[in-house]
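Reader: I would like a close look at one part of this model, with its surroundings described in enough detail to follow on screen. Please keep to the geometry.

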Amino acid sequence: MTTDVTIIGAGLGGLTLARVLHVHGIRATVYEAEASATARAQGGMLDIHEENGQPALRAAGLMDEFRGLVLEGREATRVLASDGTVLFDDDSARGRPEVLRGELRRILLDSLPAGTVRWGHKVSGVRALGEGRHEVTFADGSTVVTSLLVGADGAWSRVRPLLSDAVPEYTGRSFVETYLLDADTRHPAAAKAVGGGSLFALAPGKGIQAHRESGGTLHTYVALSESQDWFAAIDFTDAAAATARIAQEFDGWAPELTALITDGETAPVLRTLSALPTGHRWDRVPGVTLLGDAAHLSAPNGEGANLAMLDGAELGRLIAAHPDDVEAALTAYEEAMFPRSAEAATDGAQLHELLFGEDAPHGLIAMFTGHEQP
């Protein structure tokens with residue numbers, strides 16, 4: 001009988017798995033490289049979908065806590081031309097309520113028994129011992145042996161090589177993140193441009209995207225379709241110079257839009273976008289599997305966190321349903337996860353074409369108005 005599950009990575013997927021197992025009376029231990037729950041910022045807003053993220057939270061018994069995190073009105077969406085003209089504006093709810101990633105992670109952490117997450121455990125190696133057992137070695141020299149190992153350790157998973165030779169490859173596009181704080185007071189023109197939810201200001205190959213988070217915080221993702229060498233030529237340790245170089249790509253755009261770059265109150269952060277091959281899969285290997293980005297990293301399309309949580313919830317449910325046959329649980333999980341993640345990756349690639357392709361932003365507006373589906 002499955003009595004203990006070893007999970008590598010305390011992201012949303014790994015924590016959802018640990019929580020669903022706990023609900024079913026199965027003990028799990030989560031090993032996380034970060035030193036504590038607050039070791040780093042956890043990113044921006046997440047829209048939690050009715051078809052995947054919300055069922056996962058329901059399986060975890062956390063829907064009431066989730067509803068308490070929802071920031072009302074953040075589903076509003078607007079598309080602006082580069083001169084600031086509003087091309088599309090919709091403040092209706094679409095069944096995808098918005099929450100802060102860090103707050104969602106907090107309710108998952110708070111729902112687990114004390115000691116479930118072992119912080120400061122960076123994996124340095126994993127090896128198969130035979131008969132479905134694996135040994136995990138950590139940077140401090142300690143080890144753990146487990147009969148069920150789950151890699152929930154993200155894009156550069158240390159567990160993935162047990163199952164697959166695939167490695168993420170650069171998508172040809174990167175984001176640069178900036179924040180404006182107390183924007184309604186300090187940056188009113190930019191705050192008005194963003195509105196109450198999401199802003200898309202797009203052109204072929206690039207764009208300025210922003211989201212209103214809690215209060216007057218505006219979180220901007222500047223997208224540029226450039227090579228890694230192009231970005232490597234920018235010194236991001238010199239915040240002013242890096243900001244000026246990124247803003248240069250938007251010369252002539254409306255000042256309320258470029259202010260989302262130039263007036264940033266945090267140093268710009270480069271986010272390189274990488275992806276595993278669409279349809280990534282592997283043959284069944286006893287005693288080990290992957291979930292979330294470790295299994296199916298793709299370009300960001302609003303599905304990553306939702307899929308990771310659904311992966312965790314479904315894997316937890318199947319382990320509980322097959323307490324004496326973990327291989328049956330892993331087989332059933334992977335058979336459903338592979339096509340689900342492949343479909344999402346395909347949809348995501350099509351969405352990026354609408355966002356940054358030759359027809360940008362008109363393809364995105366057509367999608368929003370129901371004239372085209374991604």
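Where is Pro361 found?

Author: The model is predicted, and what follows describes its computed geometry. Pro361 sits in the loop between helix H12 and helix H13, the latter covering residues 362-368. The peptide bond leading from Ala360 into Pro361 is cis, and its omega is near 5°.

At the S5 end of the order, S4 (residues 77-80) pairs with S5 in the antiparallel sense, over four bridges. In that pair Arg78 stands opposite Asp89 of S5.

For the setting, the chain holds 13 helices and 17 strands. Its C-alpha trace spans about 65 × 40 × 35 Å along the principal axes. The radius of gyration is 21 Å, which agrees with the value near 21 Å that a compact globule of 374 residues would have.

There is a second open sheet, with five strands in the order S7-S2-S1-S11-S17 and parallel pairing. Its edges are S7 (117-118) and S17 (288-290), each with a single partner strand, so one side of each is left without a neighbour in the sheet. S2, residues 27-31, is joined to S7 by two bridges, and the two strands run parallel. Val30 stands opposite Val117 of S7.

Helix H1 (residues 12-23) lies across S1 (4-8), S2, S7 and S11 (149-151) of this second sheet, running at about 165° to S1. H1 also packs against two helices. One of them is H11, residues 304-321: the axes of H1 and H11 come within 7 Å and cross at roughly 25°. That angle makes H1 roughly parallel to H11. The crossing of the two is right-handed. On the H1 side the contact is made by Leu12, Gly13, Thr16, Leu17, Val20 and Leu21, and on the H11 side by Ala305, Ala308, Met309, Gly312, Ala313, Leu315, Gly316, Arg317 and Ile319. By class these are ten nonpolar, four polar and one charged residues.

The other helix is H4, residues 101-110, which packs with H1 at an angle of about 25°, the axes being 9 Å apart. H1 and H4 are therefore roughly parallel too. Here H1 passes H4 in a left-handed crossing. Leu12, Leu15, Thr16 and Arg19 of H1 meet Arg101, Leu104, Arg105, Leu108 and Leu109 of H4. The classes in this contact are five nonpolar, one polar and three charged residues.

S8 (residues 123-130) and S9 (residues 133-138) run antiparallel and are joined by six bridges, with Gly125 opposite Thr137 of S9. Their hairpin has two residues between the strands. One point for a backbone check is Glu131, in the loop between S8 and S9: its phi is near 55°, a positive value in a residue other than glycine. S9 is in turn joined to S10 (residues 143-146) by four bridges, again antiparallel, and Glu135 stands opposite Val145 of S10. The hairpin of S9 and S10 has four residues between the strands, and in it Gly141 takes a positive phi near 95°.

Terms used
Residues numbered from 1 in each chain as written. Predicted model: local features only at pLDDT ≥ 70, side-chain atom pairs only at ≥ 80, totals over all residues. Heavy atoms only, no water. Pairing = 2+ DSSP bridges. Contact = heavy atoms within 4.5 Å. Axes fitted to C-alpha atoms, helices over the stretch in contact; angles between N-to-C directions. Parallel < 35°, antiparallel > 145°, perpendicular 65-115°, else oblique. Left-handed = near helix turned anticlockwise from the far one by under 90°. Nonpolar A, V, L, I, M, F, W, Y, C, P; charged D, E, K, R; others polar. Rg over C-alpha atoms; globule rule 2.2 N^0.38 Å.
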